[in-house]
Every structure is written in C-alpha cells, then in structure tokens.
Amino acid sequence: MLGVNYFSVYRLIQRGKLKPCRALRGKLLVPRTELLKLLATE
Amino acid sequence: MNNPFEHRRPTELEDNAHAEAVRHFADHLKQFPASRETVERLERDADKIALVANRAAARPTPKENIIQADDGKQWHKSVDLMENIHFCHRPISYGAEYAVVEHFPAHGTNEILNRGWNAGEVLKAFTQGLRQTLQVWTEDISGQVREFLSEKFPGQDLSRVADAFIHKCATQAVSQKHSLTHSHQQNHSRGVRI
C-alpha cells in the first residue's frame, strides 16, 4: 500500500497519524485523502 | 483467545475456508508473529535496555551517535530498539532525560515518540504503545477475515474459522525463513552503542 510493512501502518493508525474510518465488522479503511495528507507531511 | 477447533474438529467447509483465508492473508500471517515477537523481546529486555541507557548517559557519546530531534534538542543514541527507532538520552544539569526517537530516512527527521526522566518508564510507555498497535492490527484483521469469508462463502456461519485464524496469528511462531531474516536484522539493529 505505502511500500512499508503492516506494523508501520498500524503504528501510524494507533498514533493518530493516519485516520481510518471503521467499516463493517470492525475492518479499518484508510481514505485516499488521508494517505495523500500523510505523504505530504511525512 | 482459544483455538475454537481444539475441542471440535472443523467441518470440510471450515477446513476449506480456513485454507482460503490463510492463503489470502499470508502476508499478515507472516508479519504479525514477527512484530509480536519484536514487542515481546523489547518487553523482556526492558530492564537491560534501561540499564544500558543509564550507563550510556554517564559516559561521553561518540559524535556520530548524536542526533537532532524534532524538539530542536540534541539526543544521544544509546540503544537501537527497532529499525529506525532508537532509545536516546540527553544530558541535563541534574542527570539525563530519556526518549524513544524514530528516524524517518526519507526526510531525515527524528521524531520523539516517548520521553521522560526515568529510562524504564519511557520504555514501558513505548512498549505499551506497541501492544496497542498489535491490538488495532488484530481487530482489523479479524474484520477483514470475517468480511472475506462472508463474501467467499455467503450464508455460511464461519465465525469459528475467523476465530481460528486470529488464534493462529496470535500464537504462531515466526516462520523459519522469516525468523532467519529477522534475526539477521536484529543482529544488525540491536547493536548497543555506548
């Protein structure tokens, strides 16, 4: 997805750097805008 | 979570569904145990790491191990915790301040993740954050597996399969191939700089 491993992505979510929306059954969905925002700031 | 198939054998459908899920989420299944093991290692070694950091704080630091973090202050790397994540100290007039600092190679920045006056407490806060990350990961993969199974096998109750998959993630040992790679990375990244 971002060229990094899952742990790094979930760490970003846990630290609030990447804000997902919670979809059906608790699955996390990261909006494209969130990814672009992160890529622009990181 | 216990293995739901411990006391009752899976049906043929459950067996097939489990195999499909394992195939589809192979990357998660490979990476989760390795990450879990990293967290467990840090929790296990926390006292040793704190001791090394305390000792390092009492000695001069080689110039190449001094970094500037996003707070504008200079920090001295004492222990590599994970790839690009370092345990650091900063001399102050009455002792030392400690921090976990993450380096972002793409931008050359160093972000402080946790900081405090007690090395053990700073490490504990960091590992607690990692534990929470594993929890977020577990909940997400659980949701993903349930969705995958309901789409692949509509109308079937495969909740035991989803639970068995999560159990496998949480308890499976790191695969041999991955373990070798991981251990090589650890040898490289766990070097203690004093």
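Two strands count as paired if DSSP finds at least two bridges between them, and the legends below use the word in that sense for a predicted model.

**View 1. The open sheet of chain B.** Five strands of chain B form an open sheet in the order β1-β2-β3-β4-β5, with antiparallel pairing. The edges are taken by β1 (66-68) and β5 of chain B, each of which pairs on one side only, and neighbouring strands of the sheet are turned against each other by 45° on average, direction ignored.

**View 2. The pairing of β2(B) with β3(B) and of β3(B) with β4(B).** Strand β2 (residues 74-82) of chain B runs antiparallel to β3(B) and is joined to β3(B) by five bridges, and B:Asp80 has B:His86 in β3(B) as its bridge partner. Strand β3 (residues 85-92) of chain B also pairs in the antiparallel sense with strand β4 (residues 95-104) of chain B, here over eight bridges. In this pairing B:Ile85 stands opposite B:Glu102 in β4(B), and the hairpin that joins β3(B) to β4(B) passes through two residues.

**View 3. The hairpin of β4(B) and β5(B).** Seven bridges connect β4(B) with strand β5 (residues 109-116) of chain B in an antiparallel pairing, in which B:Phe104 stands opposite B:Thr109 in β5(B). The hairpin has four residues between the strands, and B:Gly108 takes a positive phi near 70° there.

**View 4. Helices lying across the sheet.** Helix α2(B) lies across β2, β3 and β4 of chain B and runs at about 150° to β2(B), whereas α3(B) lies across β3, β4 and β5 of chain B and runs at about 115° to β5(B).

**View 5. The crossing of α3(B) and α4(B).** The axes of α3(B) and helix α4 (residues 159-171) of chain B come within 9 Å and cross at roughly 145°, and the crossing is right-handed. From α3(B), B:Thr138, B:Ile141, B:Ser142, B:Val145, B:Arg146 and B:Leu149 meet residues of α4(B) that include B:Val161, B:Phe165 and B:Cys169. By class, this contact has nine nonpolar, two polar and one charged residues.

**View 6. The contact between chain A and chain B.** Chain B brings 17 residues to the contact and chain A brings 13 residues. On the side of chain B that touches chain A, the elements giving two or more residues are α2 (26-57) and α3 (119-152) of chain B, and α3(B) gives the most, with 12 residues. The residues on this side of chain B divide into three nonpolar, 10 polar and four charged.

Terms used
Residues are numbered from 1 along each chain as its sequence is written. Chains are lettered from A and ligands numbered from 1 in the order in which they are written. This is a predicted model: local features need pLDDT of at least 70, side-chain atom pairs count only at pLDDT 80 or more; totals for chains, interfaces and linings use all residues. Two residues are in contact if their C-beta atoms, placed from the backbone, lie within 7 Å. Ala, Val, Leu, Ile, Met, Phe, Trp, Tyr, Cys and Pro count as nonpolar, Asp, Glu, Lys and Arg as charged, and the others, Gly among them, as polar. Axes are lines fitted to C-alpha atoms, for helices over the stretch in contact, and angles run from 0 to 180 degrees between N-to-C directions. A crossing is left-handed if the near helix is turned anticlockwise from the far one by less than a right angle, and right-handed if clockwise.
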